[in-house]
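Colleague: I have a new model to learn from. Can we go through it step by step?

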Amino acid sequence: FEKSQSRGLSVVCSHQEQKEDSRRTSSNTQTQGCQWEGHKFATCVLWIAMGGMPRSTCSRMLGLLLLAIAAPLATAFSPLLPALHAPARTTHASHFSGLGCRQWPPHQSTARSWAVARSATGAVALRSAAEDAAGSAAGKYMLLDSGNGKRLEELAGVRVQRPCPSATYATGLSSATWESATGKFVLSTPGSKGSKGAWEWSSPPPEDWAVSFEDVGATFSLANSENGQLGVFAEQHDNWRFIHETLTAAAEKQETPAPLKVLNGFAYTGGSTMAARHAAPGLVEAVHLDGAASACQWARRNAEHAGLATVDSALRGAAAADGGGVRFIAEDCMTFLQREIKRGNAYDLLIFDPPAFGRGGKGKKMWKLNEPGMIELAEAISSLLTADPAGVVISCHDATWPPRRLENLLCDALASHIEAHGGDVVSGFMKIPVTKDEDGEDGAKKGRALLLGGYARWRPKRLE
């Protein structure tokens with residue numbers, strides 16, 4: 001649309017997120033006082049032509065003659081244009097008053113949604129319309145119970161049962177409650193850890209299946225994979241809050257606004273990336289690093305679903321093509337870190353959640369947690385921090401790296417930073433609390449929480 005030349009006007013333009021679904025053949029459009037339906041197509045042709053009509057008398061007469069011919073033809077052939085028969089969305093005319101709007105672009109295939117407010121001083125403030133809607137569009141994550149090597153969860157109203165080797169205790173809820181799950185993941189080799197399997201559904205989940213964690217601005221598009229994962233790791237929620245709080249405090253303490261650089265390694269579906277971006281959307285510049293290209297693609301979809309990938313598009317322009325302040329890099333983590341150290345690049349906040357084993361990057365380089373992956377990672381951490389850092393978060397799901405061992409590793413790696421900036425290294429177990437009550441067999445509500453791995457994290461005293 002064309003921008004208004006007057007001052008003090010408020011513009012709110014929203015183009016809601018559209019799923020990239022091959023079955024969808026229609027697109028919604030918005031115009032000033034004009035809704036795109038087949039029977040109104042002639043009106044739209046008239047409006048478009050009038051907007052671009054030449055000013056000379058002869059040209060005007062010729063234009064009117066062409067309109068007299070084109071309008072009936074447009075009406076007659078409008079049934080052949082199914083893309084224009086999609087249900088129109090309400091357009092608030094007051095939002096477009098005096099703006100000289102031509103047409104709200106109907107051709108955006110990826111999620112693009114933002115709100116722009118222009119004040120009397122001409123300053124631009126951004127808020128994401130998709131971000132406002134993401135929490136209501138996506139459902140909640142809830143752990144109901146765990147035990148007997150399984151976990152029972154409810155994700156956006158869909159109840160699922162899947163393996164969890166660390167849940168070695170008895171379940172708390174009745175067998176009837178467990179059997180109420182509409183989705184169950186069955187291992188190909190029962191009792192084996194990390195084995196592939198298959199999902200069995202009594203009722204399939206919705207195509208737009210997603211859950212959100214509104215307090216940190218994270219939304220996850222869910223998919224049932226052959227290893228039983230769904231794409232969300234709720235045990236990291238407390239770490240996401242730590243990241244969010246740390247970067248919010250760092251942004252507030254800046255005398256002059258400057259970018260806050262974040263590196264999220266072994267980042268998978270991007271919970272920490274979204275939490276970092278949501279904390280200070282206009283300041284945080286994040287690198288989302290994972291060895292699997294598919295993980296980076298999934299994380300990008302999640303960021304777009306949460307509205308974060310487009311929140312800066314009005315300011316950053318070309319940066320939106322790279323995720324609006326997020327660089328998604330599919331590369332072996334240690335290879336990238338060593339390259340960054342050689343380049344002299346540094347980050348305010350470092351986040352790592354390394355797996356026990358993996359291959360990634362172009363050369364499918366092998367990663368092993370204990371040979372000697374974790375030690376090399378710790379050595380790189382100190383070299384990658386800025387002179388005035390915001391913190392470090394490291395987590396691990398491997399039993400050989402309990403919280404105290406992670407804490408000692410981080411204390412040694414950050415010795416000089418702790419001496420210069422203060423603050424304590426804190427460690428603990430990652431835990432998913434029971435977030436929905438269900439009746440147990442004896443009438444008591446006793447679903448069991450789940451411990452999944454450990455963490456260690458540090459931030460300087462000025463941000464505590």
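Colleague: Why is helix α7 largely enclosed by the rest of the structure?

Modeller: First, two ground rules. This is a predicted model: local features need pLDDT of at least 70, side-chain atom pairs count only at pLDDT 80 or more, and totals for chains, interfaces and linings use all residues. Residues are numbered from 1 along each chain as its sequence is written, and side-chain values use heavy atoms, with hydrogens and water left out. Buried means under 20% relative accessible area (exposed is over 50%, partly exposed in between; 1.4 Å probe, protein chains only), and helix α7 (residues 271-279) is largely enclosed because its buried residues number 9 of the 9.

Colleague: In which order do the 7 strands of the open sheet come?

Modeller: Helices (H or I, at least four residues) and strands (E, at least two) are DSSP runs, numbered from the N terminus. Two strands pair if DSSP finds at least two bridges between them. The pairing here is mixed, and the order is β13-β12-β11-β14-β17-β19-β18.

Colleague: Which are the edge strands?

Modeller: An edge strand pairs on one side only. That picks out β13 (326-330) and β18 (425-432).

Colleague: Which residue of β19 is the bridge partner of V393?

Modeller: Strand β17 (residues 391-396) runs antiparallel to strand β19 (residues 450-458), and 5 bridges join them. In β19, V393 has as its partner R457.

Colleague: What angle does helix α10 make with β12?

Modeller: Helix α10 (residues 333-343) packs on the sheet, touching β11 (260-265), β12, β13 and β14 (349-352). Contact means heavy atoms within 4.5 Å. Axes are lines fitted to C-alpha atoms, for helices over the stretch in contact, and angles run from 0 to 180 degrees between N-to-C directions. For α10 and β12 the angle is about 135°.

Colleague: How far is the charged end of R405 from the centre of the ring of W401?

Modeller: A charge sits over a ring if NZ of Lys or CZ of Arg is within 6 Å of the ring centre and within 35 degrees of the ring normal. R405 sits over W401 in this way, at 3.6 Å.
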